[in-house]
Amino acid sequence: MTQTTTTRSTCPYCGVGCGVLIQTQAGRITGVQGDPDHPANLGRLCSKGSTLHLTAAEHVTRQTRLLQPLRRPQRGAEPVAVGWDAALDEAAQRLAALHQAHGPDAIGVYVSGQLLTEDYYVFNKLVKGLLGSNHIDTNSRLCMSSAVAGYKATLGADAPPCSYTDLALAQTVFITGSNMAWAHPILFRRLEDARRANPAQKWIVADPRRTETAAAAVEAGGLHLALRPGSDIALYHGLLHLLLWEGFANAAFIAEHTRGFDALKDRVRDFTPRRTAELTGLREEDLLTAARWFGGATPTLSLYCQGLNQSREGTAKNAALINLHLATGQIGLPGAGPFSLTGQPNAMGGREVGGLANLLSAHRDLANPEHRAEVARLWGVPEVPARPGLTAVEMFQAAADGQLKALWIACTNPAQSLPDQATVRRALERAEFVIVQEAFATTATAAYADLLLPATTWGEKDGTVTNSERRISRVRPALPAAGQARHDWAIAADLARRLARHIAPERVAMFDYPTPEAVWREHRESTRGRDLDITGLSYAMLEQNGPQQWPLREGQHQGTERLYEDGHFATPDGRARFADVPFLGLAEPVDADYPVSLLTGRLRDQWHGMSRTGTLARLFGHEGEPVVDLHPQTLSRLGLEEGALVRVVSRRGQLVLPARAQEGVAPDQAFIAMHWGQEVLGGATENGQALLGVNGLTTPAFCDRSKQPELKHCAVRLEPAALPWRLTAMAWLPATRALALRERLKRAMPDFGWMSLVPFGREPDAAATDPDAARVGLLLRAGAHRPVGEALLATLRQALALDQPDVLAYRDPQRPGQPAERLLRLGRDAGGHEHLQAFWVAGDASGEAWLRALLQADEALPLPGRSLLAPQAQRLLGQGATVRSPQVCTCFDVREDRITAQLAQCAGDPAQRLAQLQTALRCGTNCGSCLPTLRGLVQRVPAAVGLTPAKSSTATRS
Amino acid sequence: MAFAGLHRTRIPPPTMTTTRLVIIGNGMAGLRTLEELLPLRPPGLSVTVFGAEDRPAYNRIQLSPVLAGEMDLDEVALRPASWYAEQGVTLHLDQTVVEVDRQHREVRCASGLRAGYDRLVLATGSLPFMPPLPGRELAGVMAYRDVADTQAMIAAAQAYRQAVVIGGGLLGLEAACGLARRGMAVTVVHLAPWLMERQLDRPAGALLAAALGRRGLHFALGAPTEALLGDAAGRVRAVRLKDGRELPASLVVVAAGIRPRTELAQAMGLQCDHGGRGGVRVTDTLQSVTDPRVYAVGECASHRGTAYGLVAPAYEQARVCANHLAGLGVARYPGSQTSTQLKVSGIALFSAGDFMGGEGCEEIVLDDPAAGVYRKLVLREGRLVGACLYGDTQDGPDLLRLIRAGTPVTTGRDALMFDPAGVLAAGTEASGAPPPTRPARLAAGTALDAHQALPA
């Protein structure tokens, strides 16, 4: 038995910042567990975190990672390998040339909230201390900048005042603009624990959709405020009006610790319950209940995320929510406060080092000459530039306009995640020099790079991150870098030194760092005396005492759990500021031409642009393919059946997706997950315009203070998509080839009117299995205006081995309406039973959904394979063939039908029944991400008549 | 039998009350005509049958199983001589009719036997076509048509090891399989690029070749024969192909198609198609266009330009012919939608109608290589006009009924390949016509198993 090594590190997904224990054996990551000693998760991991080891499997790395520096001889060509020296020299020369010809404003650097603090620090120093501009921005701009601006505008500093421990101490929890059951599952687990311990804890969820978070609140007797999209400020002002009216204002707190209350009071006078109800679409009695809980059942904790931040008035939304806490004094107390949930693993760290276009190191302000001088002194440069740089959206607009000549993109995928993709693509095309520094070769952005620099990623990286509760954790390598990949900070430092030789030879030494710890020590020094002072912290202390919350000043031995407990805020006078903000509403209200509100959001088992989660078939078990969720009424109004293709058209672009009926989406709304970019979903309009994923639709309109775009909402119209020629192709493939094949198949997207390409199936747990024997599947679905050319189809068939001599075929090429081509590849199991290995249904695609279910089920075929070629096979077979029940538990692959059947056998109270269910099927016993769904099912599915609780309690003990 | 001697010496005089029917040919078509006629037999009809072979009628289709050793010769007999007597029918076996005097309405045999007639049915069948190959006169070169040929082949299989069958049609393949079953190494030499090209399209032909290849047959496809080579003793020793290959063979069976047997009809002055190669031209009541007293049925008849080489059309013709001979005069023969369905050593294939398609046709194809199943349906103007099935032929009869019905199958098109019975039922409902019931004849006609000579 090979020695197993365990490495303590941090999960690279959301901002909860869970600790993970990585198991390695013989140079391979074989497993991952939640770190029981990490204060964020106490041993738990969600469906994404608990499968991290699978994403680091050798065959995944080989198929999806960028493993050596590559250079594109010209745009659109296949990139060719170059050595690191050649790559970095070329980058330095070209950047220097542009710098000399056009000045520092010609270069934009766009980085990521997934970089470690050390990476971030070097990038920031490179731009502000060497290039001499502030044109560094990050995808945190799309995520947290409104939260930053909101905190700064009211509390004086970019610091979430709360801790995760507050979840258990709160009496009322106001979750607004967050589907934390899916987006921050481990925090939601903690919240569930809190309510179990304190059944009186009240949950209010404000969200236009009936999300799983909202449903969980309602099931527990809480409130779901299904407000009209964009009416958040009206809701908060209306609640403040009621809080004042109901006598919940904390006059003493307001008087002693705040400013600006009177102006705000004047403003909210108009937000009477009736008017608020009109503006938000909510019921007056619900508003009153919410206000009474917020002000009366204290302490009150607000948890919020992108629903507030991604808005053209995101700063105001944040501030208006914080107003409620200031007015009631619900801040600086255990269990109270406005707690912004961070989207990315290290958006916080990025802000700490000042890695944004309008920030300086350690929360310093660009506009403050003293701050600038401090930073210049620290770095040993005469000055740092004062003029704010271009923020994310502006940076790409400037490149699209030709002002910015070079883009250096690191650890992020703007061709998926930025709004208004048409402009982003124009920017990437127009920029003279594009560097993409990435771990994965599969991102949409990589296709535009002149130079591709391979970076390390989770499992290899070394440094620190800060989570939502200001807690700094170590990220440690369990493996050496894959291929020729290097750490992001090291690439930035190396390129900086080469660049400095061209443009400022005296600054070469600024980038001499032997280790990430050396970088971090310089960053630590920059925090001295600042609100986030960590001069008391060291790598050694993190090693010994575990993750720590800032501030942790020199001489202190422990971080700070909760801020503002003394009522002293981070403003010059120590008083918090009420924000008298107007209610403006949506950037793009619906109108007659674009009558539907498109909302975006996360899925439970995917993360961001999916360059990592998208490598795992099993993470497509919960949500299998890109769809647009519409209310059943909307579908019938369009005259469409569920599953029909819908063209979603905004002012900027369009997208084609199958429709799914969802009662949780209001009739004048549509929902598309934020993850669906061109990596999984594509196509082209009839005149050849490529469909650019969900963000081909979204608006670049941004908040004038935070510059965060309104990714959450845009106005669209819905049309039935007339793509009568359809293709569904699906195959089980060796896991060692499936992902590479997917990259090949992806290239066909522009040849169709619509194409989606997703993996499915279930990777075995890595520790035990031989990767060569493991199988996963690929599902390709496409539609076209007219029959697609044979040459293209032949390529696809060949790729899926559906051109082999043993393939079963049915062909009716001159079928009226649409041609029909149906192919099957069968295999036999050990028992000699036929299984469906692959199928292809082209032209007329009748019955394809049923075949999909049949293939995924991977069971012995109920009848000779040949009869499956019949377009109406399902009908011929009768009820024996049903579409597969949706997966609920990803960890143990438990589906709804089994759960429903089992629940009939479970009696007792809901908690007992859930426990019995979990004993029987194991669902929800690992990561727990499906627990909200399971609880919902427990409520909905009654026990069979005649079952007694007595019997079931025996089962519980067993 | 009591009158047998009389018939040999005396021609019965015509009377006002007697109609004399003579049937020339005691094969499957002639016998079936008789069988159809007997239940309808009008009073005063005398029937005389001449058969050239010396045995009573037998089921030619069963000769292949006999050759393959799966059946005995006695099992293939259809009606014993005693049956004719019981039915009051005069039977002359081993009597070759050499002349018919239409003026005097008299049939004359080589033996000198004569018979007068009022109605005459020609059911002379067909002869194997023997191409003009050098060496065709050598010993060991033979055709495959009747019991004698079958017996000769069985004997050769005991004495020799290597055989070549020239002709990869139905008959040739059955001969080849039979010989192989009897232990010979058999190569089938075929002119066309694939086997049974008159019944199968190329993919089905290829599947058949592969299946027969697995059973030990060898093939030379697209291979014209140049000559048959003999040894010193005058026995065939090899077949030489045009491409120069020489295939050793001590037995050469030539199965290169059939020709309607029309020398008698031509001598009678009856109009025959294609100078006789096409059969006796008949009307929809199976009367020859030249002389309405004379009928022709089976492989020797040419109806609307087609001489069928299959049993099903022959039986359909027999039924109409008998109806007319009985004086009922209500039946018409509109031509047959033929189908082929055969089992060679358990290989199922079926074809019907215009299965090759072509200009103006649409094809629907199903391919299941692992199971050895192939199906092609041909549509024209939304109607099923042809089908070619290999490996799984159970839907053949329903497809044939759909071809015959000729109703549009637009809505049922997707089900046609998988559930033709359902399409048939749905089509019937839609048209309001009564459901077509399977005619008894059809069942027999589509279950042909062997010895269906190729259409000329």
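These questions and answers walk through a predicted model with chains A and B. Local features need pLDDT of at least 70, side-chain atom pairs count only at pLDDT 80 or more, and totals for chains, interfaces and linings use all residues. Residues are numbered from 1 along each chain as its sequence is written, and side-chain values leave out hydrogens and water.

Me: How far apart are the end C-alpha atoms of helix 9 of chain B?
Reply: Helices are DSSP runs (H or I, at least four residues), numbered from the N terminus. The expected span is 1.5 Å times one less than the number of residues, so the 15 residues of helix 9 (residues 311–325) of chain B should span 21 Å. The end C-alpha atoms agree with that, at 20 Å.

Me: How many residues of helix 9 of chain B are buried?
Reply: Buried means under 20% relative accessible area (1.4 Å probe, protein chains only). Helix 9 of chain B is largely enclosed by the rest of the structure. The buried count, out of 15 residues, is 13.

Me: Which residue of strand 29 of chain A is the bridge partner of Val596(A)?
Reply: Strands are DSSP runs too (E, at least two residues), and two strands pair if DSSP finds at least two bridges between them. Strand 23 (residues 596–601) and strand 29 (residues 713–720) of chain A pair in the antiparallel sense over 4 bridges. In strand 29, the partner of Val596(A) is Val716(A).

Me: Which residue in strand 29 of chain A does Val649(A) stand opposite?
Reply: Strand 25 (residues 645–649) of chain A also pairs with strand 29 of chain A, in the antiparallel sense over 4 bridges. Opposite Val649(A) stands Arg717(A).

Me: How much area do chain A and chain B bury between them?
Reply: Buried area is the accessible area (1.4 Å probe) that two parts lose on being put together, summed over both. Carbon and sulfur atoms carry 51% of it. The total is about 1,500 Å².

Me: Which residue of chain A meets Asp392(B) in a salt bridge?
Reply: A salt bridge puts a side-chain nitrogen of Lys or Arg within 4 Å of a carboxyl oxygen of Asp or Glu. Chain A and chain B share 4 salt bridges. Asp392(B) takes part in one of 3.3 Å, N to O. The residue of chain A is Arg866(A).

Me: What is the relative accessible area of Lys461(A)?
Reply: Lys461(A) lies in the loop between strand 18 (451–454) and strand 19 (463–466) of chain A. The side chain of Lys461(A) makes a polar contact with the side chain of Asp488(A) at 2.5 Å (a pair of N or O atoms within 3.5 Å; within protein, one must be able to donate a hydrogen and the other to accept it, and residues adjacent in sequence count only if both atoms are side-chain atoms). Lys461(A) is buried, at 7%.

Technical notes:
Chains are lettered from A and ligands numbered from 1 in the order in which they are written. Buried means under 20% relative accessible area, exposed over 50%, partly exposed in between (1.4 Å probe, protein chains only).
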